Amino acid sequence: MSNPVVGIVMGSDSDWDVMQKAVGILDDLKISYEVRVLSAHRTPLAAANYAQEAEGRGLKVIIAGAGRAAHLPGVLASYTLLPIIGVPIGGGPLSGVDALYAIVQMPPGIPVAAMAIDGAQNAALFAAQLLALHDPELAELLKTQRERMAQRVLEKDACFQSRG
Ligand code: RP5
C-alpha cells in the first residue's frame, strides 16, 4: 500500500490472528497502512530504527501489538513523538494480563495508549479518530459508522421488546 499513514507493528507473526482485526477496520475506512513484524527483544535495533524513521516516512500513528513481556509499544514510544497505541495480545500462561500490565504501566514521560487485551479493533478505530482530527471526511465516516452501530442496538432492543 502506498504512503501508509498507520504503522501496524507486532512482536511476532503469532500475533497476526489478533492484529489482522485492525487491518480489517482500516481497510473499511480506506486508511493506508503497513504491517511489520519487529520485536523489542529479538530485533531491538530494527524496532528502534523503525520508530526513529516513522515520522519522516509520513506515518501519523503506530499500532503496536505484543504479548507476554510486551515491551514493544513502550520501546517504540521512546524513539518517536508519534502516538503509539498498544494492543496487549492474549494467550500464553498469563492470558495476556502480563502484556496488559507491561503496556498500561508506562513510566511518566513516555505515554502509550493501552487498549484492551486483544483489542486490535479499538486500536484501529482510535487511530482513525486521531487521523480524523485533520480529516473531516474520515470524521463523517466514523460518525456514520457509530450511528449504524446505535441503530443495530436499537433494532435488537426492539426485537426483545416485541417478545413481550
Ligand atoms: C511476544 O511474545 C510476541 O509479541 C508474541 O505475542 C509472544 C510470543 O512470540 P512467539 O514465540 O510466538 O514468536 O514478543
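This is a predicted model: local features need pLDDT of at least 70, side-chain atom pairs count only at pLDDT 80 or more; totals for chains, interfaces and linings use all residues.
Where is Ser-12 found, relative to β1 and α1?

1. To take up the opening question, Ser-12 is in the loop that runs between β1 (6-10) and α1 (16-28). Ser-12 is buried, because its relative accessible area is 16% and the cut-off for buried is under 20%.

2. The residues surrounding the ligand are Gly-11, Ser-12, Ser-14, Asp-15, Arg-42, Ala-66 and Gly-67. By type, this shell has four polar residues, two charged ones and one nonpolar one.

3. A side-chain N or O atom of Ser-12 is 2.6 Å from an oxygen atom of the ligand, and a polar side-chain atom of Ser-14 is 2.7 Å from a ligand oxygen. The side chains of Ser-12 and Ser-14 also make a polar contact with each other, at 3.0 Å.

4. The backbone takes part as well: a polar backbone atom of Gly-67 lies 3.1 Å from an oxygen atom of the ligand. On its own the ligand would expose 360 Å², and the protein buries 71% of that area.

5. Val-97 counts as partly exposed because its relative accessible area is 35%, which falls between the 20% and 50% cut-offs.

Conventions
Residues are numbered from 1 along each chain as its sequence is written. Side-chain values use heavy atoms; hydrogens and water are left out. Buried means under 20% relative accessible area, exposed over 50%, partly exposed in between (1.4 Å probe, protein chains only). A residue is near a molecule or strand if one of its heavy atoms lies within 4 Å of it. A polar contact is a pair of N or O atoms within 3.5 Å; within protein, one must be able to donate a hydrogen and the other to accept it, and residues adjacent in sequence count only if both atoms are side-chain atoms. Accessible areas come from the Shrake-Rupley method with a 1.4 Å probe; for residues, only the protein chains shown count as cover. Ala, Val, Leu, Ile, Met, Phe, Trp, Tyr, Cys and Pro count as nonpolar, Asp, Glu, Lys and Arg as charged, and the others, Gly among them, as polar. Helices (H or I, at least four residues) and strands (E, at least two) are DSSP runs, numbered from the N terminus.
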